[in-house]
Amino acid sequence: MENSLDISKQALWQIMERVSDPEIPVLSVVDLGIIRDILVHPEWIEIVYTPTYSGCPAMDVIRGEIKKALEERGWHTVKLTQKLSPAWTTDWMTEEGKRKLRDFGIAPPVAGGPAPHPVSCPHCGSARTELLSQYGSTACKALYRCMDCLEPFDYFKCH
Ligand SMILES: [Zn+2]
């Protein structure tokens, strides 16, 4: 038997699935794995999150988006709790999230960081790629180029 708190919790996770990362709009905060827990208290709800890295400039925007999404659905008393330990790792990103990244033309993070593992080209799948710049379109991404199809692409490197 599900009680009403479980039902609320489920609804809240569904709301979180619709909150997207401002830098990579195809990814939700759930895909990213930054929502660690949702607690339903009698008077308020608490969203426990871990930023992708501390000082991530997108986090303020994400906090605002989380509050807005909840308010639009009638949840007005929301507490956002930041949890820095354990630190976020790319392993927390869902497989669905990694697939969405590839479809969007961004190489998903490689466990343990790119070196010495090759970053595969999201366009043709080739492992013959080279790093052009540590910083791509945002601080969370590095710019790579594929030596087979010659397309440049972003690699999501938040760690
Ligand atoms: Zn390629």
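Visitor: In which sense do E4 and E7 pair, and over how many bridges?

Guide: Strands of a sheet pair through backbone hydrogen bonds, either parallel or antiparallel. Two strands are said to pair if DSSP finds at least two bridges between them; the strands themselves (E, at least two residues) and the helices (H or I, at least four) are DSSP runs, numbered from the N terminus. Here E4 and E7 pair in the parallel sense, over two bridges. Ile106 has Asp154 in E7 as its bridge partner. Please note that this is a predicted model, in which local features need pLDDT of at least 70 and side-chain atom pairs count only at pLDDT 80 or more, while totals for chains, interfaces and linings use all residues. Residues are numbered from 1 along each chain as its sequence is written.

Visitor: What is the order of the strands in the open sheet of four strands?

Guide: The order is E4-E7-E6-E5, and the pairing is mixed. Strand E4 (106–107) and strand E5 (129–133) are the edge strands, each pairing on one side only. E6 and E7 are antiparallel, with five bridges; Lys141 has Phe156 in E7 as its bridge partner. E5 and strand E6 (residues 141–146) also run antiparallel, joined by four bridges, and Ser133 stands opposite Leu143 in E6. Five residues lie between the strands in the hairpin of E6 and E7, where Leu150 takes a positive phi near 65°.

Visitor: Why is one side of E1 and of E3 left without a neighbour in the sheet?

Guide: These strands belong to an open sheet of three strands, ordered E1-E2-E3 with mixed pairing. Strand E1 (35–40) and strand E3 (78–82) stand at its edges with a single partner strand each, so one side of each has no neighbour in the sheet. From one strand to the next, the twist averages 20° (axes are lines fitted to C-alpha atoms, for helices over the stretch in contact, and angles run from 0 to 180 degrees between N-to-C directions). E1 and E2 run antiparallel and are joined by five bridges, with Asp37 opposite Val48 in E2. Helix H1 (residues 4–16) lies across E1 and E2, at about 145° to E1.

Visitor: Is strand E7 mostly covered or mostly open?

Guide: A residue is buried if 20 or more other C-beta atoms lie within 10 Å of its own, exposed if 12 or fewer, and partly exposed in between, with C-beta atoms placed from the backbone. Strand E7 (residues 152–156) is mostly covered, with four of its five residues buried.

Visitor: Which residues have the most contacts inside the largest nonpolar core?

Guide: A nonpolar core is a set of buried Ala, Val, Leu, Ile, Met, Phe, Trp, Tyr and Cys residues joined through C-beta atoms within 7 Å. The largest one has 26 residues, and Val29 and Ala107 have the most contacts inside it. Among the elements that each supply at least two residues of this core are helix H3 (58–72), E4 and E7. Residues are in contact if their C-beta atoms, placed from the backbone, lie within 7 Å. Leaving aside residues up to four places away in sequence, Ala107 touches several residues, including Val119, Tyr144 and Phe153.

Visitor: Which domains does the assignment of the chain give?

Guide: Domain bounds come from an automatic or database domain assignment. It gives domain 1 (4–88) and domain 2 (91–156). Nine residues from domain 1 and 11 residues from domain 2 take part in the contact.

Definitions and conventions: Contact = placed C-beta atoms within 7 Å.
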